[in-house]
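The following exercises are to be worked with the sequence and the three-dimensional structure at hand. Each task is followed by a solution in steps.

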Amino acid sequence: MEEPNGGGTERPLLSALRVLLEREPDALVSAIDDDGLFVEMPAGFPWGERRALAVRSALNLVQPSDRRWVIDAWVEAKAVGSSRAAVALVGTGAPAELHF
(Lines give C-alpha, C1' and ligand atoms only; values in the text may rest on other atoms or scores of the structure.)
Protein backbone atom coordinates (compact mmCIF):
# COMPACT_ATOMS: atom_id res chain seq x y z
CA MET A 1 0.00 0.00 0.00
CA GLU A 2 1.63 3.25 -1.11
CA GLU A 3 0.57 6.81 -0.55
CA PRO A 4 1.20 9.10 -3.48
CA ASN A 5 3.61 11.85 -2.56
CA GLY A 6 5.12 12.76 -5.88
CA GLY A 7 8.25 10.64 -5.46
CA GLY A 8 6.84 7.11 -5.36
CA THR A 9 8.13 6.41 -1.85
CA GLU A 10 6.18 5.85 1.32
CA ARG A 11 5.41 8.73 3.62
CA PRO A 12 6.90 8.66 7.12
CA LEU A 13 3.59 7.82 8.85
CA LEU A 14 2.94 4.89 6.52
CA SER A 15 6.48 3.65 7.17
CA ALA A 16 5.88 3.97 10.91
CA LEU A 17 2.65 1.98 10.54
CA ARG A 18 4.49 -0.80 8.75
CA VAL A 19 7.09 -0.94 11.54
CA LEU A 20 4.37 -1.10 14.21
CA LEU A 21 2.54 -3.87 12.36
CA GLU A 22 5.77 -5.87 12.00
CA ARG A 23 6.50 -5.48 15.73
CA GLU A 24 2.94 -6.32 16.76
CA PRO A 25 1.58 -8.93 14.34
CA ASP A 26 -1.49 -9.52 16.54
CA ALA A 27 -2.37 -5.84 16.77
CA LEU A 28 -5.95 -4.83 16.06
CA VAL A 29 -6.13 -2.16 13.38
CA SER A 30 -8.81 0.19 12.12
CA ALA A 31 -9.25 3.25 9.92
CA ILE A 32 -10.58 6.36 11.64
CA ASP A 33 -12.30 9.38 10.10
CA ASP A 34 -11.76 13.04 11.08
CA ASP A 35 -14.35 12.73 13.84
CA GLY A 36 -12.60 9.76 15.45
CA LEU A 37 -15.11 7.18 14.25
CA PHE A 38 -14.04 3.85 12.76
CA VAL A 39 -14.60 3.49 9.03
CA GLU A 40 -13.90 0.88 6.34
CA MET A 41 -10.21 0.12 5.83
CA PRO A 42 -8.65 1.43 2.61
CA ALA A 43 -8.26 -0.97 -0.29
CA GLY A 44 -4.87 -2.62 -0.36
CA PHE A 45 -4.30 -2.53 3.40
CA PRO A 46 -1.89 -5.37 4.32
CA TRP A 47 -4.32 -7.23 6.60
CA GLY A 48 -2.38 -10.44 7.07
CA GLU A 49 -4.19 -12.35 9.82
CA ARG A 50 -5.72 -9.24 11.35
CA ARG A 51 -9.44 -8.81 11.81
CA ALA A 52 -11.62 -5.72 11.65
CA LEU A 53 -12.90 -4.24 14.89
CA ALA A 54 -16.67 -4.36 15.32
CA VAL A 55 -17.05 -1.10 17.25
CA ARG A 56 -17.73 2.45 16.16
CA SER A 57 -15.06 4.23 18.22
CA ALA A 58 -11.94 3.58 20.28
CA LEU A 59 -13.96 4.85 23.24
CA ASN A 60 -15.94 1.59 23.07
CA LEU A 61 -12.75 -0.45 23.54
CA VAL A 62 -11.51 0.98 26.83
CA GLN A 63 -12.58 1.18 30.44
CA PRO A 64 -14.75 4.26 31.07
CA SER A 65 -12.05 5.71 33.34
CA ASP A 66 -9.58 5.66 30.41
CA ARG A 67 -11.79 7.37 27.85
CA ARG A 68 -10.27 10.76 28.62
CA TRP A 69 -6.83 9.36 27.63
CA VAL A 70 -8.26 8.25 24.30
CA ILE A 71 -9.75 11.68 23.67
CA ASP A 72 -6.53 13.44 24.67
CA ALA A 73 -4.50 11.18 22.37
CA TRP A 74 -6.93 11.78 19.48
CA VAL A 75 -6.70 15.55 19.92
CA GLU A 76 -2.90 15.35 20.02
CA ALA A 77 -2.80 13.15 16.91
CA LYS A 78 -4.91 15.64 15.00
CA ALA A 79 -2.60 18.45 16.09
CA VAL A 80 0.79 16.84 15.53
CA GLY A 81 0.15 13.80 13.30
CA SER A 82 0.41 10.87 15.70
CA SER A 83 -0.04 9.95 19.33
CA ARG A 84 -0.60 7.04 21.70
CA ALA A 85 -2.37 6.24 24.94
CA ALA A 86 -1.91 3.50 27.51
CA VAL A 87 -5.35 2.19 28.48
CA ALA A 88 -7.19 -0.75 30.02
CA LEU A 89 -9.55 -2.69 27.76
CA VAL A 90 -13.22 -2.83 28.59
CA GLY A 91 -14.41 -6.16 29.95
CA THR A 92 -11.03 -7.68 30.75
CA GLY A 93 -9.11 -4.70 32.10
CA ALA A 94 -6.10 -5.94 30.11
CA PRO A 95 -3.53 -3.25 29.40
CA ALA A 96 -3.30 -1.99 25.82
CA GLU A 97 -1.68 0.82 23.89
CA LEU A 98 -3.65 2.78 21.32
CA HIS A 99 -1.73 4.46 18.50
CA PHE A 100 -3.26 7.20 16.38
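A contact here means heavy atoms within 4.5 Å. The model is predicted.

**Exercise 1. Determine what share of the contacts in the protein chain with a separation of 6 or more joins residues 24 or more positions apart.**

Solution. Consider the contacts in the protein chain whose separation is 6 or more; residues 24 or more positions apart account for 35% of them.

**Exercise 2. State how many helices and strands the protein chain has, and in which order the elements run.**

Solution. The count gives two helices and four strands. Read from the N terminus, the order is α-β-β-α-β-β.

**Exercise 3. Describe how strands β3 and β4 are joined.**

Solution. Strand β3 covers residues 84-88 and strand β4 residues 95-99. The two run antiparallel and are joined by five bridges. Within this pairing, A86 stands opposite E97 of β4. The hairpin has six residues between the strands, and G91 adopts a positive phi near 90° there.

**Exercise 4. Decide whether S83 is buried or exposed, and identify what it touches.**

Solution. First, locate S83: this residue lies in the loop between α2 (67-80) and β3. Next, apply the cut-off: buried means under 20% relative accessible area. S83 has 9% relative accessibility and therefore counts as buried. Then list its neighbours: leaving aside residues up to four places away in sequence, S83 touches A73, E76, A77, L98, H99 and F100. Finally, examine A73: its backbone oxygen lies 2.9 Å from a polar atom of the S83 side chain.

**Exercise 5. Report what percentage of the residues of the protein chain count as buried.**

Solution. Of the 100 residues, 24% count as buried. The accessible surface of the chain comes to about 6900 Å², with 54% belonging to carbon and sulfur atoms.

Technical notes:
Residues numbered from 1 in each chain as written. Predicted model: local features only at pLDDT ≥ 70, side-chain atom pairs only at ≥ 80, totals over all residues. Heavy atoms only, no water. Buried < 20%, exposed > 50% of the residue type's maximum accessible area, 1.4 Å probe, protein only. Areas by Shrake-Rupley, 256 points an atom, 1.4 Å probe, with all protein chains shown as cover. Pairing = 2+ DSSP bridges. Polar contact = N/O pair within 3.5 Å; in protein donor to acceptor, adjacent residues only side chain to side chain.
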